[in-house]
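Keep the structure open while you read.

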Amino acid sequence: MVANQDAKAAQAPVIETDNTAAVKAAIVSSETTKAAPVTHPLGPLTGEEISKGADLVRSVWPEGTKLQFKVNTLHEPEKKILAPWLAAERAGEKPAPLERKSFIVYTLRGTHNVHEAVVNLTTQKVEFNAKLGPFEHPNSDMAELEEVEKAVLEIPEVKAEIEKLGLPEGAVVVMDPWIYGADGIKEAKFFDDKRVMQCNLYLRDPKNSSEEDSCHYSFPLPVSPVIDPATLELVRIDIMPTGHDETIKPFTWQDRPANEYIPEAHTMRTDLKPLQVVQPEGASFTVEPFSELGRTLKWQKWDFKVGFNQREGMVLYDVHYDNRPLFYRLSLSDMAIPYGDPRNPFHRKCAFDLGDVGAGLTANNLQLGCDCLGSIYYISSVLGNAEGKPVDAPNVVCIHEQDSGLLWKHTNYRTNRAVVVRNRELVLQSILTVSNYEYILAFIFNQAGDITYEVRATGILSTQPLDLDLTEVPHPFGTVVHPGVLGGYHQHFFSLRVDPMIGGHGNQIAYEEAEAMPRDPKLNPNGHGYMVKKTVIDTTGGYDLDPSKNRTFKILNPSVKNTVNKLPVGYKVHVPPFQPILADKDSYHYKRAEFADRSFYVTKYVDGELFAGGKYTNQSHGGKGVRSWAERKEDLTKEQDPVLWVNFGINHIPRVEDFPVMPMEMLKVMLRPVNFFDKNPALDVPSSKQSFNCSTALNTADELAKKVDGLAVTGGEMKGCCKA
């Protein structure tokens, strides 16, 4: 039956569309095309489109075939079509609507048959439909995770193993389903070309087992079933080692304390007074819909579109500053978290939270006054569920302004006049909850042309069981964070995909290095001199930072010169250095996390190459991500359409202070103009004044009148700064 179904699906037409007419239609003037586009080519799929796409895919299968939808998202137009379309739109023209398409990944329920399809929603045809090959597995979906969680704890063999642990009467076992990872091992009838899940078991606090928010990560158990999520059948049960080596030994429950993060478990501080962000005249940004779910933001000369999808979450398009083009597309492309414990089953542990689940699927419903402060605008979205139906995703992006200290200042010591400008920022933030971990992700814009991408990691450690008598003994593969609880060493890697159009399309990537000059009796007699050397990257590849040379990577437009010094306009990239992935080059961790070994990869633009770890990361074996694309060694000098992949991360060596919930750890990438403007672009930002900011002095009048080291501190003598 399945073979016959696959045969019919393979007959779905594969259509190559001639795009020439579409490009011509995209750039016609408003006089020719009177009506505005019904839908925008970058608008996230609407609920109606999600349903329509799923229905069209069902139509190519025999009636009654049960499908499980894994991905149902916008299939973006080719760049050669979309770029001129966006330029025409920005020029005030009304380009003809482009065809709307969806990209759909689905399985035949109860099987491991996985298909991907491209559906033309405009013509209502399935343009492409193909079965995926081996080691190409789809992401998990929320319905599947819930099914697995319920099924595992009802399996008789699992119940029997739990019974052996001697847990307290009334104990409540909690299960976290984890992506299995990959090790290439074939045992009996099992090979990891079949998609499975590793299920980690925990216990709620036995003394308060009715508390659903109890931190079960304080009570990890050594029983770890492996289950087939398609059939919900048990594959095997792994027993975890609980000592310092791979030895498996009997585990008998011993009483231990809880470690809770919920506020009712603690005596709260009482001396914290309110801090309120008040904007009496409202926010300084404007938000307009460019489609049913897409939004255009304008703020302090910035102008860009915001989309949202299941895998990447927030995506920025067509980013301009003061009507000058900067970036065609910006998004967090991928994330990998490889663990360093070499013992079975921990050696497979490597999560790709975007590819294995999705930033959109795991995005929080952000709450006013909690996740975002001040005057907030929320963006909501719609995603597809396992049945192919639309599901609301409320408040997945919050937008607000914040004060971030000073942007610039100078005091003329001769006149004692200070000019002070504060750094107002625009923040677009999403928060993901991926099982135990939270990621707070934000694009931050300032008034000087900078864009910062900020990652804050928080949430709860994914813990492992440990013999109680080893609590006070250093562990080779992690940190003991609580009696009987090990926080394993692991690394976090992120890849920011930057598709630039600095000053327009036709960019190049270069790096500059500061080099000491040799001593020269005339030019450098004191040995102090140094110069900067520029290297243009003309071939795709991977590149690293070198702090010893101040190696700085830049995106340049050789066709557009700065009006002052005639250098190419550009943006430079500030990225924190990180320790590359520690797994060796023959390991599956290394092969799969293709962005975890270099600070930068530079590739030639190819439609559809959006994800640094490859399109399908679940149990992948590598070879289909950014490292592989860069190794094509393609020439970048002709078409000058590079994509820059900015990679960064942390090596998380857990602390006791990271448990039971981790104070956030922050990473930042900055994109900063270099020779793009003819002067500081923030000179026109109004100076800071007390009448505008309304700050309050906590000093007494007598304190303010005193002198420190003979200098007056009253502030009344300062000219310009903070005067009404």
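E76 sits in the loop between β1 (67-74) and α4 (79-90). The model is predicted.

- E76 has 22% relative accessibility. Because buried means under 20% and exposed means over 50%, E76 counts as partly exposed.
- E76 and R100 are 24 residues apart in sequence. In space, their C-alpha atoms are 8.2 Å apart.

**E76: contacts**
- Leaving aside residues up to four places away in sequence, E76 touches L42, Y317 and R329.
- The E76 side chain makes a polar contact of 2.7 Å with the side chain of Y317.
- The side chains of E76 and R329 are also joined by a polar contact, at 2.9 Å.

**The second largest pocket**
- This pocket holds about 1,200 Å³ of space.
- The pocket is lined by 33 residues. Closest to its centre are V278, D403, R424, F692 and N693.
- Which elements give two or more residues to the lining? They are β18 (390-412), β19 (417-434) and α10 (690-693).
- By class, the lining of the second largest pocket has 14 polar, 11 nonpolar and eight charged residues.

Terms used. Residues numbered from 1 in each chain as written. Predicted model: local features only at pLDDT ≥ 70, side-chain atom pairs only at ≥ 80, totals over all residues. Heavy atoms only, no water. Helix = DSSP H or I, 4+ residues; strand = E, 2+ residues; numbered from the N terminus. Buried < 20%, exposed > 50% of the residue type's maximum accessible area, 1.4 Å probe, protein only. Contact = heavy atoms within 4.5 Å. Polar contact = N/O pair within 3.5 Å; in protein donor to acceptor, adjacent residues only side chain to side chain. 1 Å grid on protein atoms, 1.4 Å probe; cavity = no way out; pocket = protein on both sides within 12 Å on 5 of 7 lines; lining within 4 Å. Points joined across faces, edges and corners; volume = space filled by probe spheres on them. Nonpolar A, V, L, I, M, F, W, Y, C, P; charged D, E, K, R; others polar.
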